[in-house]
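Trainee: I am new to this structure. Please take me through a close look at a single part, and then on to its surroundings.

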Amino acid sequence: MPAIEKYTTHDLSGAKSTPFTEKPCSRALEAVGKILNANYITASKLTLTNFPTREYITFERSDCGTYPSVTMGAGEQRLFAMLSEIEKTRKNALILIDEIDILLHGDALVKLMEHLNEHCTKNSNAKQIVFTSHREELLGLQELINIRHLHRDSTQTPARHRCFPSTDPDSLRRLTGKQERKIEVFVEDRLAETIVRHIAMELGIPRHVKIIRFGSAQNCFAVLSGLLIKGESCDNSLFVLDGDVHLKAEERQNLINSACSGNDENATRIRTIMPQKICDLKLPNGIKPEPFLHQLIISQDPATMNVSEKEIHRLATEIINPADTHAFIDELSEILGENRDVQLAQIVPLAAKHKNWVSYTQPVRDWLSLKKTSLSLL
């Protein structure tokens with residue numbers, strides 16, 4: 001507790017100051033200076049004749065002189081007290097600290113972690129500190145800290161706390177209140193977006209996948225090249241083409257060369273990387289996406305469908321030879337309702353019930369499954 005809050009009144013007149021001479025206190029004060037970016041000279045204990053049981057301290061700093069604990073920041077007091085106790089512990093000690101981050105700003109917290117790591121890993125100390133924290137700044141210090149995430153599982157009666165060996169995006173969302181989407185999938189249009197989102201749903205990771213539309217298939221190469229030239233690794237990014245154009249290797253390579261020209265080392269490296277970041281949905285030869293999905297719907301047995309699926313199936317069978325291949329799906333979604341996104345979210349899941357859905361979506365499914373494993377997505 002900060003000194004200002006310990007007692008209702010404070011009268012330090014006649015106080016006697018006695019410098020801390022113990023080596024643990026001196027080392028703690030030196031560490032406080034490094035962590036808080038200040039030059040501390042001495043730390044002293046204050047004693048009062050009228051209140052012998054009261055505890056106060058003073059710090060002397062080169063920039064502001066001497067001041068007592070009743071005027072100190074609460075974080076400054078807590079940091080000195082905590083480090084003093086840690087310095088006093090013996091070799092092989094186990095130290096438990098609740099809410100180690102309280103009252104420290106981000107930079108000081110990171111410096112504290114670096115100091116504690118150095119202190120505990122010295123052969124002369126060999127200590128272990130176990131602490132709790134809610135601060136996301138610590139997630140970037142996994143080389144210094146063995147991070148575990150505690151989650152309250154309210155599905156159990158009574159509720160239990162479970163320990164996870166790593167901090168995944170779900171854990172980060174619980175810490176920050178923001179959902180981090182680690183996977184990016186770039187697609188041509190809304191239909192492809194709905195298809196990829198349904199695949200992610202089937203794999204149980206839709207909350208981890210961000211889907212971005214780039215428009216015409218040719219834009220795929222320009223967008224990917226631009227990201228790589230910018231310096232992004234795109235390790236967790238996939239560019240999905242519908243599978244009906246730019247299928248020949250020579251044609252695709254020409255598009256890659258046009259998007260990233262030059263003979264320098266970086267341009268050559270980018271042109272080598274680009275084919276690995278692009279995949280195609282597996283359409284039958286000469287078939288466009290819309291008539292293929294239309295066929296997946298009408299070739300199913302309506303007897304196995306619920307009421308809403310039967311309605312989609314019935315309307316789809318009435319679309320036989322539209323003027324534009326896009327109309328196989330556009331016309332169907334328009335008949336079903338005004339909001340195309342909502343209607344696509346009903347049409348695609350019905351098409352996904354067909355046995356050929358898995359082979360059609362296999363390239364994207366395999367890539368997402370691999371990322372689900374490598375990124376430990378739950």
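Mentor: Contact means heavy atoms within 4.5 Å. Two notes on the model come next. It is predicted: local features need pLDDT of at least 70, side-chain atom pairs count only at pLDDT 80 or more, and totals for chains, interfaces and linings use all residues. Residues are numbered from 1 along each chain as its sequence is written, and side-chain values use heavy atoms, with hydrogens and water left out.

Start at glutamate 290. Leave aside its neighbours within four places in sequence, and glutamate 290 is in contact with Leu191, Thr325, His326, Phe328 and Ile329. Glutamate 290 belongs to helix H10 (helices, H or I with at least four residues, and strands, E with at least two, are DSSP runs numbered from the N terminus).

Now helix H12, residues 327–336. Its buried residues are Ala327, Phe328, Ile329, Leu332 and Ser333. They pack against helices H6 (190–203), H10 (289–298), H11 (307–317) and H13 (340–351).

Next, the rings. Rings of Phe, Tyr and Trp (its six-membered ring) pair if their centres lie within 6.5 Å; planes under 30 degrees apart are stacked, over 60 edge-to-face, the rest tilted. The count by this rule is nine aromatic pairs. Phenylalanine 59 and tyrosine 67 are edge-to-face, because their centres are 6.4 Å apart and their planes stand at 85°. Phenylalanine 59 has 0% relative accessibility, so it counts as buried. Tyrosine 67 counts as buried too, at 11%. Phenylalanine 59 also pairs edge-to-face with phenylalanine 80, at 5.2 Å between centres and 85° between planes. That pair links distant parts of the chain, 21 residues apart: phenylalanine 59 is in strand S3 (residues 56–61), phenylalanine 80 in helix H3 (residues 74–88). One aromatic cluster holds Phe20, Tyr40, Phe59, Tyr67 and Phe80.

Technical notes:
Buried means under 20% relative accessible area, exposed over 50%, partly exposed in between (1.4 Å probe, protein chains only).
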